Amino acid sequence: MSNSRVQAGVSRRGFLGGAVSGLAIAGVASGFAPAFAAPKDAFIDGLIAKMSVEEKAGQLSLYSDPVRTEAATFNPSVASVPKTQMLADIAAGKITGLFNGMGVALGRELQKAAVETSPHGIPLIFAADIIHGMKTVFPIPMAEAASFDPELSRRTNRVAALEATACGLHWTFSPAVDVVRDQRWGRTAEAAGEDTWLACQFAAARVKGFQGDDLKAETSLLACLKHFAAYGAVEGGMDYNTVEITEQTLRQTHLPSFQAGITAGALSVMSSFNDIGGVPSTGNRRLLTDILRGEMGFKGFVVSDFTSEEELILHGFAADGRDAAKKAILAGCDMSMQSGIYMKYLPDLVRSGEVPMSVLDEAVRRVLRVKQAIGLFDNPYRSLDAKREQTQLRLPESLALAREAARRACVLLKNDGDVLPLKKTGQKIALIGPLADDLNQLNGYWVVFPDTRKDITVAMAMRGIVGDGNLNVVRGADIDAPIPGGIDAAVAAAKAADVVVLCIGEGQEMSGEAQSRTEITVPAAQQALAEAVAATGKPVVVVLSHGRALALEGAVRNAQAILCTWFLGSEAGNGIADLLFGDHSPSGRLPCSFPQKSGQEPFYYNHRATGRPQLSETDINYRTRYRDASFEPLYPFGHGLTYGRIVYGPTQLSADSLPWAGQVTVSVTIANSGTRPVHEVAQLYIRDRVASVTQPIRSLKGVRHLDLAAGESKTVTFALTRADLAFVGLSMNWQAEPGEFDIWIAPSSSAGTSARLKLLKA
Ligand code: NOJ
């Protein structure tokens, strides 16, 4: 695929020395990563030589920030520490940094204590979960992935970095690059969906956005890839649960997005809460050392996820805190987040010889090198600038980008009878639902320092366009409960209107960490509201809020139009209204399959074929299906309508066969036969028809964005090489096998016509 975005993969031997069979699949475009400047080892090693074992343990101990403006609670609560105690601990060199606090003035005070009073003046690092914006809030990561445009994500995260560093932060615990194939898992909201190729593109773009071109710049925010590894594969979609996975799937599906982030320059990785086959990630030496460093070439440091090193005890992997600290540091987890067990036990573990001093030194070296790489030794007060804090938040251009991102994240699932776009005049609109006008339901999970006062709801935006006279706003129900008289008021409003816009779905607290659901449906009180409104016979446009794919039912599923809007952040209302009234045509695509029913989960488009696939709607006996549902999605990965009429021609190949070291061009002509300009997202898929390890029925390998004026046609092309046809074989190496492949350029993972390509032997 000669797409400007290059596939990232993990090649086992490729990292140990020499890419397998010459396949160049392990990298993202070179020049993408800011250089990790050659560490001044003499300086770092000189420091390490002077440090006591306690100070070394301190450089590996990170705590939540009890002093600056605290984040909203996103973790289990911890005992608060008075500022005097914190300053004393900093002076004693017991703390490497603080997270989830913000503010320049106090940040400078804490940094001054570190630089001027701690034994060797090593600066603190300030971190926070800046996941989709700081003060200007952008769509949740899953929503942003629905743009299918990593460049948009690079831009939004550049703004997030600008604002976060203006608020006294150096390091974000982002991006989450987990590949998620089970929508019951609440954290699907935080990542880029179910596809590995797409996850790679967004991982690289997000790292580049946060870190910029120069890690030492005031506005560069150190990225952290999380959660390593396979956290998105927790059994049953239940958060923190165990992971049972083949090594082949781990390598082919879950590791490439981390590789893409590393190649893009990420210098920190967070270990995940889950175990894989009985070995918790934070104590997994094969994962954190052999694979992450040995094979994937990671040069930064690994931080545990909030007490995950201490949780080795409850996993049944460590006997007590001392044993947990020992197992985690020996596995390659360099920094402990929050538990304090490194500070408590590492000095003694080193003195007793159970942990070699060289292991402790190497972990400290990794942390100090990163502090050096981001310029903290050159300027400990970087990103602690009171003027920037006053002048760089929620700039007009940042809000304009939030609006662009919001509208590009929306996915139009259906639009029967062209009920959309709405008319700006002469149409009476009933705007109904608990998510129509609630400022506290725009951001979604993970906005740690929220300020929603100037955000825009759908009601606000629509009022600005059609005026009060043509808009009747009725709440109708709460998110999870009926409200007295709510349905009656909604039905009356619907009856008096020409069209209903129904803003319903999940509340923002229903996805995110520890928010797994067994039924991924619209909550019952809102479903009842939808049924009553639909019974009026008025056309209904569902504007859906959600942190995951939902199993749509009844009146919601049968509405005339459905617009997926996820959680879009500060400019949610304007972004949605831009589409509802046709100022822009929808262009988002589903990064996750919408199932017909919750019980289909885990559910993803790029599954393997069984020996008994269901081939048509009537082909139901002894077939791969449920009694009450086929194996098909309600809406497939990649699906998304627009206001134009888009027609794809047949997929064409420049040649029927691909020489082993050659290239073919794949092309298709796409026509907009509608009356409006559109932005189309053409998707390249492949299927390896016969392989020594069976391959998915389709896999995404490239994306092209194109603008089409009304009546315009364009031809899009992709170059395809053997690297695009590779998979992880039984030897755990990336390999391609000669044989036949189906190739599509299509508007979704379920559409399009395929062409047959033969990969010739070497
Ligand atoms: C736990 C979450 O799993 C992780 O994503 C987050 O970065 C940390 N808490 C810190 O807040």
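**Exercise 1. Classify D361 and its salt-bridge partner.**
Is D361 buried or exposed, and what does its side chain pair with?

*Solution.* 
Step 1. D361 has 15% relative accessibility, so it counts as buried. Buried means under 20% relative accessible area, exposed over 50%, and partly exposed in between, with a 1.4 Å probe and protein chains only.
Step 2. Note the source: this is a predicted model, in which local features need pLDDT of at least 70, side-chain atom pairs count only at pLDDT 80 or more, and totals for chains, interfaces and linings use all residues. Residues are numbered from 1 along each chain as its sequence is written, and side-chain values use heavy atoms, with hydrogens and water left out.
Step 3. The side chain of D361 meets that of K56 in a salt bridge, 2.8 Å from N to O. A salt bridge is a side-chain nitrogen of Lys or Arg within 4 Å of a carboxyl oxygen of Asp or Glu.
Step 4. K56 belongs to helix α3 (residues 53-59) and D361 to helix α15 (residues 357-373), so the pair ties together parts 305 residues apart in sequence. Helices (H or I, at least four residues) and strands (E, at least two) are DSSP runs, numbered from the N terminus.
Step 5. Check the partner. K56 is buried too, with a relative accessible area of 5%.

**Exercise 2. Survey other salt bridges.**
How many salt bridges does the rule count, and which residues are linked in a network?

*Solution.* 
Step 1. The count comes to 46 salt bridges. Side chains of opposite charge can pair when their charged atoms come close.
Step 2. Take R68 and D65. Their closest N and O atoms are 3.0 Å apart. Both residues are buried.
Step 3. Take D578 and R403. Here the closest N and O atoms are 2.8 Å apart. This pair links distant parts of the chain: D578 sits in helix α22 (residues 572-580) and R403 in helix α17 (residues 396-409), 175 residues apart.
Step 4. Compare accessibility within that pair. D578 is at 5% and counts as buried, whereas R403 is at 30% and counts as partly exposed.
Step 5. Now the network. Salt bridges link D45, R293, D334, E362, R365 and R366.

**Exercise 3. Describe the interface of domain 1 and domain 2.**
What area is buried between domain 1 and domain 2, and which residues of domain 1 lose the most area to domain 2?

*Solution.* 
Step 1. The chain is divided into domain 1 (32-130 + 169-389), domain 2 (406-595) and domain 3 (646-759). These bounds come from an automatic or database domain assignment.
Step 2. The C-alpha centres of domain 1 and domain 2 are 38 Å apart. The contact takes 30 residues from domain 1 and 20 residues from domain 2. Contact means heavy atoms within 4.5 Å.
Step 3. The buried area is about 1,900 Å², and carbon and sulfur atoms give 59% of it. Buried area is the accessible area (1.4 Å probe) that two parts lose on being put together, summed over both.
Step 4. On the side of domain 1, F74, Q183 and R184 lose the most area to domain 2, together 33% of what that side buries.
Step 5. Across this interface the rule finds one salt bridge. It also finds 13 residue pairs in polar contact, both residues at pLDDT 80 or more. A polar contact is a pair of N or O atoms within 3.5 Å; within protein, one must be able to donate a hydrogen and the other to accept it, and residues adjacent in sequence count only if both atoms are side-chain atoms.

**Exercise 4. Inspect helix α9.**
How many residues of helix α9 are buried, and what does T249 touch?

*Solution.* 
Step 1. Helix α9 (residues 247-254) is mostly covered, with seven of its eight residues buried.
Step 2. T249 lies in this helix. It is buried, at a relative accessible area of 16%.
Step 3. Not counting residues up to four places away in sequence, T249 touches R181, H254 and R608.
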